[in-house]
Amino acid sequence: MTDVFEASIEYPDPDARKRLAQLTGIDDQRTRLEKGLMLTLDRAAIERWSTQHHKQVLPLIAHFQARPPLFLLAGDVGTGKTALAESIGDAVARSANIPVTLHRLSLGSRGSGLVGEMTQLVTTAFDQFVEAARKSSGKTGQAKAGHILLIDEADALAQSRETQQMHHEDRAGVNALIRGINELAEARLPVAVIMCTNRVGAIDPAVRRRAAEILRFGRPTTEQRLAVLRKGLEGVGFDEKQLAALVDATGARKSEPGFTYSDLTQRLLPSIALDAFPNTPIRFDRALAIAKATNASPQFNEGTGD
Ligand SMILES: Nc1ncnc2c1ncn2[C@@H]1O[C@H](COP(=O)(O)OP(=O)(O)O)[C@@H](O)[C@H]1O
Ligand SMILES: [Mg+2]
């Protein structure tokens, strides 16, 4: 594919499997996304299930199959949306026993640029995506391969058409997106679209309405921070009381929200190691001081999403 997309990822993939396994505290979102993708990439699977458990293809299945294959991952920064979207294909490929390809379109870096650019980009992306899916889809309706289109940082595009300041061009971009999603819903190909956004309220209601699922991501709770720190500090030798103190230090403060997952894994844990390197082992008092001196990522203004 041309430069509309970043490098695609083919699953199964051992790296993706590892990254997926490292995600903590988002099992519910993971399960729902995996099932949703399974059912869109292997459309006959739910009929098989129905026949097995109800001795018939239940009428409600038709409703399932009519859903646009769109999954919206929404929530705060650093909560695993991109990480999940870029690794879940591995689980799907292994369960459905078909190769799955992820086509990645990241809008965050694109800016609004020239007139027609966003619209053209989205239209081209959907066209190329459908083309790739058609090439690898079997004649019998049994999928030989699945394709996922990831639109990351989707708020750059799918902003509410109701937003006052929205330029004419942005609106056209949203319309192109809606058109693409509608066409996919009718094409009955083994394809799915995942959109990630930090501001679900900024996503156009017409796009939100089409989503088969809107999965919400939040900052880790006390228990989830404990799970991340326990895993991240394995082998360091902190006891339960010390871990609890770190969990406490990474929680909400007077004027600040608690740490995000990425604040823990990408900022705090590396800082702790770096502080000790190269001459001393990791010590609890230093780790705690670093946790206290680290500020959590500011909360994204979510907008007024449903
Ligand atoms: N639930 C999680 N469990 C463990 N690590 C996480 C989790 N969420 C995020 N991370 C870490 O933070 C990094 C950035 O997360 P990312 O998926 O980019 O966040 P988002 O897309 O929601 O802003 C991930 O690559 C991972 O290392
Ligand atoms: Mg992201």
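This is a predicted model: local features need pLDDT of at least 70, side-chain atom pairs count only at pLDDT 80 or more; totals for chains, interfaces and linings use all residues.

Reader: What makes Arg-219 and Asp-76 a salt bridge?

Author: Their closest N and O atoms are 2.6 Å apart. The cut-off is within 4 Å, so the pair counts. It links distant parts of the chain: Arg-219 sits in the loop between strand E6 and helix H10, Asp-76 in the loop between strand E2 and helix H5, 143 residues apart.

Reader: Are those two buried or exposed?

Author: Both Arg-219 and Asp-76 are buried, which means under 20% relative accessible area.

Reader: How do you know that Glu-240 and Arg-230 pair up?

Author: Their side chains meet at 2.7 Å, N to O, and the limit is 4 Å, so that's a salt bridge too. Glu-240 is in helix H11 and Arg-230 in helix H10, 10 residues apart.

Reader: Why is Glu-240 called partly exposed?

Author: Because its relative accessibility is 48%, and the label runs between 20% and 50%. Arg-230, with 39%, gets that label as well.

Reader: And what about Asp-28 and Arg-32?

Author: There the closest N and O atoms are 4.0 Å apart, and they form a salt bridge. The two are about one helical turn apart because they lie four residues from each other in helix H2. Arg-32 is partly exposed, at 34%.

Note on methods. Residues are numbered from 1 along each chain as its sequence is written. Chains are lettered from A and ligands numbered from 1 in the order in which they are written. Side-chain values use heavy atoms; hydrogens and water are left out. Buried means under 20% relative accessible area, exposed over 50%, partly exposed in between (1.4 Å probe, protein chains only).
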